[in-house]
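Hi,

Here is the structure I promised to pass on. Have a look first, and then read my notes below.

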Amino acid sequence: MANSLWTRDEMILILNLFLKTPFGKMHKSNPEVIKMAQLIGRTPDAVVFRLGNYASLDPQLKQRGISGLSHTGKKCKECWNEFVNNREELLFESERILALYEGSSIEKKYKNEIKGIPSDITGETKIQQIKSRVNQNVFRQIVLANYENQCALTGIDIPELLVASHIIPWSQNEQERINPENGICLSSLYDKAFDQGLISFDNNLKVIFSERLQSNVGKAYYDNYFRLIKGKSLAETKKYTVNLIFLEWHRDCIFNKVL
């Protein structure tokens, strides 16, 4: 295994893994930790150590009383600050580097996500569209992991039915697009209801219904799919908590609006 100094690419790859991994799974027997160690030619213990460095810088973990490792190191701080100041750029860069280490390319790894981009789009416009789609996919990975790959209301764990729902929509706030505090893992039906303002969540993270939805009390679909979730609390997150300011924005700007 390598005893050399950590490179910038390696630090970015560990940050990528950190963002996708719940704190309780940052251990040397985690298959993803082992895979990363093999990719960069280091030991799982070394990878876990760097994950702990990043944990010490994460304000979300600090709020939960998790301090990470006390000696962070200059390279970790530099990489973390670069990410905080330009989330979208560094997240995409981390996926590009990861694809290279895996012997692939960003285009091949995310071919399903980018295949809908029109063929006549080229240059910087194409790059930006690829970046957007890749980052949306990574955001989904981070949010689903935050809820143990289960719908936060129903526990559904079929990946094809799960959506990383943005609280503030992607188009409305560029700075918070890939902030995991802006995401909730919901199954497709409830994602759509949330997106259209039919449901929202109060500051206690309990489901509230719009007047439009509430007016359907007594209908079979209401009883089958909505009655049981009214007032239900979101499942506990494993790493990133829901930002209450974002929820307030959703209630003010999307919830209960007449189409």
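Before the surface numbers, a quick word on method: accessible areas here come from the Shrake-Rupley method with a 1.4 Å probe, and for residues only the protein chains shown count as cover. On that basis the protein chain exposes about 13,400 Å², and carbon and sulfur atoms supply 51% of it.

Two notes on where this comes from. This is a predicted model, in which local features need pLDDT of at least 70 and side-chain atom pairs count only at pLDDT 80 or more, while totals for chains, interfaces and linings use all residues. Residues are numbered from 1 along each chain as its sequence is written, and side-chain values use heavy atoms, with hydrogens and water left out.

**The chain overall**

The protein chain has 13 helices and four strands; these are DSSP runs numbered from the N terminus, with helices being H or I of at least four residues and strands being E of at least two. Its radius of gyration is 20 Å, close to the 18 Å that the globule rule gives for 259 residues, so the chain is as compact as a globular protein of that length. (That radius is taken over C-alpha atoms, and the rule is 2.2 Å times the number of residues to the power 0.38.) Along its principal axes, the C-alpha trace spans about 65 × 50 × 30 Å.

How much of the chain is buried? Buried residues make up 46% of the 259, where buried means under 20% relative accessible area, exposed means over 50%, and partly exposed is in between (1.4 Å probe, protein chains only).

As for contacts, meaning heavy atoms within 4.5 Å, take those between residues at least 6 apart in sequence: 65% of them join residues at least 24 apart.

Counting Lys and Arg as positive and Asp and Glu as negative, with His and the chain ends not counted, and placing each charge at NZ of Lys, CZ of Arg, CG of Asp or CD of Glu, the mean positions of the 34 positive and 30 negative charges are 3 Å apart.

**The core**

In soluble globular proteins, nonpolar side chains tend to be buried together. A nonpolar core here is a set of buried Ala, Val, Leu, Ile, Met, Phe, Trp, Tyr and Cys residues joined through side-chain atoms within 4.5 Å. Which residues touch the most other members of the largest one? Of its 71 residues, they are Leu15, Phe18, Val47, Tyr54, Leu153 and Ile184. Helix α1 (residues 8–20) gives this core its largest share, eight residues.

Cys76 sits in helix α5 (residues 74–85) and counts as buried because its relative accessibility is 0%.

Asn137 is in helix α9 (residues 123–146). At 19% relative accessibility, Asn137 counts as buried, and beyond residues up to four places away in sequence it touches Tyr110 and Glu113.

Asn112 belongs to helix α8 (residues 111–114) and is exposed, at 52%. Its C-alpha lies 10.0 Å from that of Arg133, 21 residues away in sequence.

Gln175 is in the loop between β1 (162–166) and β2 (183–187), and with a relative accessible area of 62% it is exposed. Gln175 and Glu88 are 87 residues apart in sequence, yet 8.4 Å apart in space, C-alpha to C-alpha.

Lys25 is in the loop between α1 and α2 (31–40) and is partly exposed, at 40%. Not counting residues up to four places away in sequence, Lys25 touches Asn30 and Val33.

**Two backbone angles to check**

Most residues other than glycine have a negative phi, and most peptide bonds are trans. Asn149, in the loop between α9 and β1, has a positive phi of about 55° although it is not a glycine; it is partly exposed, at 40% relative accessibility. Asn256, in the segment after α13 (244–253), also has a positive phi, near 65°. Asn256 is partly exposed, with a relative accessible area of 28%.

Cheers
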